[in-house]
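Please keep the sequence and the 3D view at hand while reading.

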Amino acid sequence: MSVIQNIRDKYARVAVIAIALSLLGFIAMDAFTGRSKMFGGGQSSTVGSVNGKKIDIDEFRKSVTEEEQQLQQSQQAQYLTGPALGQQAIEGAWNREVYKTLVEQEADKIGLSVTQKELNDILFVNPPQDLRQQFTNQETGQYDAQGLLGQIKEIRKSGTQEKKDGINSFLNRLTLSRLEEKYSSLLNKSVNYPKWMVEKQNAENSQLAKISFVKKPYTDITDSTIKISDEEINEYVSKHKNDFKQVESRSIAYVTFSALPSGADSLATKEQLGLLKPKMDSTKDIERLLQAEGVTNFYNSYINGKSIQIEKKDSIFKTPVGSTYGPYLDGGSYTLAKMIGVRQIPDSVKVRHILISTMQRDPQTGRTQQIRDTIEAKALIDSVRGLINAGQSFDSLVVKFSDDGGSKEKGGVYETGSGQMVPPFNDFMFTNPVGSKGVVKTEFGYHYMEILSQKGSVTGYKIAYLSKPIVASSVTDKNAKNDASGFAVDSRDEKSFNEVFEKKWKPLGYNKGVAYDITPSSYNLPGLGVSREFVKKIYEAKKGTVLEPEQINDNYVVAVVTAVYKEGTKDAAAARMSVEPLLRNKKKAELIKKQIGGNITSLEAVATAWGGKLVETADSIRISGDQRAIGFEPKVIGAAFNAANRGKLVPEAIEGTQGVYVVRVDNVIATPSLGSNVTEQRKAMAEQAARNSQPMEAIRQSATIKDKRPSFY
């Protein structure tokens, strides 16, 4: 079952000379074979460490394989193909290993563990939702704990090593999840909001202030007139190091040269398919023709016309039986559509069946394997038919013989629209009347079928499609590659890269992109796609190096390394974007305050000194709540509720977030308390804190994590 699927470190001189010679020979031998581990030449057996605990590469690779299997069975599989799936698996496995190590380390510090009794409770009494769904009896609606226990015992007793590993992995994950749950619960339960604090907060929130003020916005001074040096930024960063932690990363600028199919390539594909149209029209064996052209997904049965969702379906439906429509453009392909048949079919059919399989999918490995030959299967289905004709209960025979787990517990019944079953099964359901019985052979084996009921009537179509994707010709690909190579040759460094782009390629409609925060383990480059090899080349290069053209998806990419950041604290260049506005506004504030001199006598005098600014009023201000009257200005709000300022002109100008303020506190009154039930407030605040808490993320940020994946992947 899929859950089980999911279920898955001063001797004598002669002796000294001999040893020395042996060592020299050893070094020389390894140098020739490329295996020398001396002087850092060998590869470590660890892929990383968490707070000093090493992660073994062999164990990590097993975890990656397991992650790949899970991804292939998840909904993400349709979006992840090829390298993307593999890299996503590596990332997922790494995060899982880090999380596992951190949870175990934290639990070990305080003596937390998960007992066998707790694990049994998770498995058999209070299972997670996915486990409950897999082992719920469809007839009774009850959770089948004994069924799960039986599965586990059977695998442990006689299952393959792969299945045993899957079970152990699944149980380990349940244990780890429970351990993290207990740890987080322990922290969350320790959250406390004292009664005095809540009461004080309520009292503060009940106050209402009215202020008058004059504001001089920072925007009154042009940014370009204020210069911020690297030294000033570095000084600020050194005082706030925790806010400017930097992981190892690189940035690039790049230009892409498309190797997508050209108009000529599209026309060539259309003409190529057009040559096949006479064969489509005349063939008596459409399935054989399609197979010869590489089509393996021909649905040789009738489908409700309403469920066919293709752009040209109206034209195709009008095509006479035996004739072919097209070639027509369908996404990135040209397609021929031959009308094989048209007839009225039911909208939906209810049928029951008994399947005697010849092939079966292994739920653990996902591989299909033969379980009996066709002769044995045919003899068995004939026996079933004979028993039914002799009057035996269909329901009892389904339970005893059917190999279809999807319908066995429902008496072998399916109720569905057309196109949902394999063609021979679909044909029997939708081309025979109610009450029809018979044996049907499909790719799964032999089915004994009986049509129970049919609803509605629609037009059904049997259509054969032959598509040819529009692909780039060698000429198109060569042109793109030559353009990229020419640009790379002309660009010797970052300066010439930018100059050549501006002079030659920008006028031709090309664009320059940038990709930031490329870490050593990155694989998905923003704007370009997945290419682990290209990331490695970026890290082999120095700042300012122009890389050789690299093909990523349908583009040839020419890139220059624009920034190299080492792990540690950001330098002035990296921090400037966020620090410069703060320091600039501080310098502006100093200039603005000088305009009003040392003493503040009145709001009107300040308004005049600031070039005729208005004296404004803001009432109904609270410490927390709607502050739209003045915007986000914490220092102004603080001054308004400072008891020392009540009814007075605040003696100093306030440096706010948007400008400099001079404030007079006109009045502060107390209104009825907004929070009367302190007990309920404390409870709600604790619950909110628990919901927002992310203890493991905080622990991860404070952990010492060494990631050596780039050495292996």
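A residue is called buried when its relative accessible area is under 20% and exposed when that area is over 50%, with partly exposed in between. The structure shown is a predicted model.

The buried residues of H7 are Ala-145, Leu-148, Ile-152 and Ile-155.

H4 is followed by Gly-111, a residue whose phi is positive, near 75 degrees.

Helix H8 has 29 residues and reaches 42 Å from its first C-alpha to its last, close to the 42 Å expected at 1.5 Å a residue. The buried residues of H8 include Ile-167, Phe-170, Leu-171 and Leu-174, and among them are also Glu-180 and Lys-182.

## The partners of H8

How are H8 and its two partners described here? Two packed helices are described by the angle between their axes and the distance between the axes. Helix H3 (residues 57-73) packs with helix H8 (residues 161-189) at an angle of about 85 degrees, and their axes are 12 Å apart. Because angles of 65 to 115 degrees count as roughly perpendicular, H3 and H8 are roughly perpendicular to each other. On the H3 side the contact involves Glu-66, Glu-67, Gln-69 and Gln-70, which meet Glu-162, Ser-169 and Arg-173 in H8. The residues of this contact of H3 with H8 divide into no nonpolar, three polar and four charged.

H8 also packs with helix H25 (residues 695-702), at an angle of about 95 degrees and with the axes 10 Å apart. That angle makes H8 roughly perpendicular to H25. From H8 the contact is made by Glu-180, Tyr-183, Ser-184 and Leu-187, and from H25 by Pro-695, Met-696 and Ile-699. By class, the contact of H8 with H25 has five nonpolar, one polar and one charged residues.

## Helices H9 and H24

Helix H9 (residues 195-205) and helix H24 (residues 678-692) pack with their axes 10 Å apart, at an angle of about 105 degrees. H9 and H24 are therefore roughly perpendicular to each other. In this contact Lys-195, Val-198, Glu-199, Gln-201 and Asn-202 of H9 meet Val-678, Gln-681, Arg-682 and Met-685 of H24. The residues of the contact of H9 with H24 divide into three nonpolar, three polar and three charged.

## Backbone details

Asn-51 has a positive phi of about 50 degrees although it is not a glycine, and this residue lies in the loop between strand E1 (46-50) and strand E2 (53-56). With a relative accessibility of 37%, Asn-51 counts as partly exposed. Ser-620, which lies in strand E22 (residues 616-621), likewise has a positive phi, near 55 degrees, in a residue other than glycine. Ser-620 is partly exposed, its relative accessible area being 47%.

Which two residues does a cis peptide bond join? The bond joins Gly-326 and Pro-327, with omega about 5 degrees. Pro-327 is found in strand E7, which covers residues 324-330.

Leaving aside neighbours within four places in sequence, Glu-633 is in contact with Gly-656, Thr-657, Gln-658, Gly-659 and Tyr-661. The C-alpha atoms of Glu-633 and Lys-62, which are 571 residues apart along the chain, are separated by 54 Å.

Arg-288 has its place in helix H13 (residues 286-292), and with a relative accessible area of 63% Arg-288 is exposed. Between the C-alpha atoms of Arg-288 and Lys-495, 207 residues apart along the chain, the separation is 60 Å.

How values were computed: Residues are numbered from 1 along each chain as its sequence is written. This is a predicted model: local features need pLDDT of at least 70, side-chain atom pairs count only at pLDDT 80 or more; totals for chains, interfaces and linings use all residues. Side-chain values use heavy atoms; hydrogens and water are left out. Axes are lines fitted to C-alpha atoms, for helices over the stretch in contact, and angles run from 0 to 180 degrees between N-to-C directions. Helices (H or I, at least four residues) and strands (E, at least two) are DSSP runs, numbered from the N terminus. Angles under 35 degrees count as roughly parallel, over 145 as roughly antiparallel, 65 to 115 as roughly perpendicular and the rest as oblique. Contact means heavy atoms within 4.5 Å. Ala, Val, Leu, Ile, Met, Phe, Trp, Tyr, Cys and Pro count as nonpolar, Asp, Glu, Lys and Arg as charged, and the others, Gly among them, as polar. Buried means under 20% relative accessible area, exposed over 50%, partly exposed in between (1.4 Å probe, protein chains only). The expected span of a helix is 1.5 Å times one less than its number of residues.
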